[in-house]
Amino acid sequence: MESSRGGGQGGIQQLLAAEQEAQHIVNAARTAKMARLKQAKEEAEKEIAEYKAKTEQDFQRKLEETSGDSGANVKRLEQERSCSFGGR
């Protein structure tokens with residue numbers, strides 16, 4: 001009876017050791033996952049910032065192009081208006 005009891009204690013110790021090892025594996029996986037998520041978030045934020053900067057740059061360039069055109073259009077319209085009023 002004692003030998004079977006001693007084997008039972010060994011089995012419990014083995015189960016406890018396996019449980020601790022499993023917990024270490026789970027913790028390591030959780031830590032690795034969090035690191036990957038943090039890295040992915042940083043990369044995404046960098047890409048977003050680059051996209052915003054490029055979009056803003058494109059917008060400013062187009063704004064300058066169209067502002068120049070509208071200035072030319074205003075001058076042309078003023079000239080046409082002064083000619084039409086001057087001719088009347």
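How many residues apart in helix H1 are Asp58 and Arg61? Let's walk through the structure and find out.

This is a predicted model, where local features need pLDDT of at least 70, side-chain atom pairs count only at pLDDT 80 or more, and totals for chains, interfaces and linings use all residues. Residues are numbered from 1 along each chain as its sequence is written, and side-chain values use heavy atoms, with hydrogens and water left out.

Start with the overall picture. The protein has one helix and zero strands; helices (H or I, at least four residues) and strands (E, at least two) are DSSP runs, numbered from the N terminus. Of its 88 residues, 0% count as buried, where buried means under 20% relative accessible area, exposed means over 50%, and partly exposed lies in between (1.4 Å probe, protein chains only).

Now look for salt bridges, each a side-chain nitrogen of Lys or Arg within 4 Å of a carboxyl oxygen of Asp or Glu. Side chains of opposite charge can pair when their charged atoms come close. The whole structure holds two salt bridges. In one, Lys54 meets Asp58 at 3.1 Å, N to O; these two residues of helix H1 are four residues apart, about one turn of the helix. Asp58 also forms a salt bridge with Arg61, and here the closest N and O atoms are 3.7 Å apart. That brings us back to the opening: Asp58 and Arg61 are three residues apart in helix H1, so about one helical turn separates them. Through shared partners, the salt bridges join Lys54, Asp58 and Arg61 into one network.

How open are these residues to their surroundings? Asp58 counts as partly exposed because its relative accessibility is 24%, and Arg61 is partly exposed too, at 41%.

Finally, visit Glu47, which also has its place in helix H1 (residues 2-87). Glu47 counts as exposed because its relative accessibility is 55%.
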